[in-house]
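Could we walk through this model together, with a few questions about its surface?

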Amino acid sequence: MSGAGSRYLKEPFECAHEHRFEATEKIMSLQFETVERRLERIEAMIGGVEKRLWMTVFGVVGVMLAQAAQSILEFTPK
């Protein structure tokens with residue numbers, strides 16, 4: 001009888017260890033999914049900022065070219 005009792009005492013601990021390991025794996029997978037979603041959102045935001053930056057650069061270059069063309073037109077003989 002004492003052998004059976006000790007077996008039942010050890011069984012829950014072994015089972016608890018396996019459940020703890022599975023729970024840790026689930027938590028880690030959820031954390032990685034969350035990090036991946038956040039990175040995707042950050043990449044999308046960076047893409048938007050990059051588009052705005054290029055539009056600003058092209059706008060500034062366009063203004064500079066327009067001013068250069070205007071000054072060239074002013075100095076040409078009429």
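Below are some questions and answers on the fold and the surface.

Reader: Hi! How many helices and strands are there in the protein?
Author: Good place to start: this is a predicted model, where local features need pLDDT of at least 70, side-chain atom pairs count only at pLDDT 80 or more, and totals for chains, interfaces and linings use all residues. Residues are numbered from 1 along each chain as its sequence is written, and side-chain values use heavy atoms, leaving out hydrogens and water. With helices (H or I, at least four residues) and strands (E, at least two) taken as DSSP runs numbered from the N terminus, the protein has one helix and zero strands.

Reader: Is Val57 buried, partly exposed or exposed?
Author: Val57 sits in helix α1, residues 2–75. Buried means under 20% relative accessible area, exposed over 50%, and partly exposed in between (1.4 Å probe, protein chains only). At 34%, Val57 is therefore partly exposed.

Reader: And what is the relative accessible area of Glu36?
Author: Glu36 also has its place in helix α1. Glu36 is partly exposed, and its relative accessible area is 47%.

Reader: What share of the 78 residues is buried?
Author: Happy to say, by that under 20% cut-off. Among the 78 residues of the protein, the buried share is 0%.
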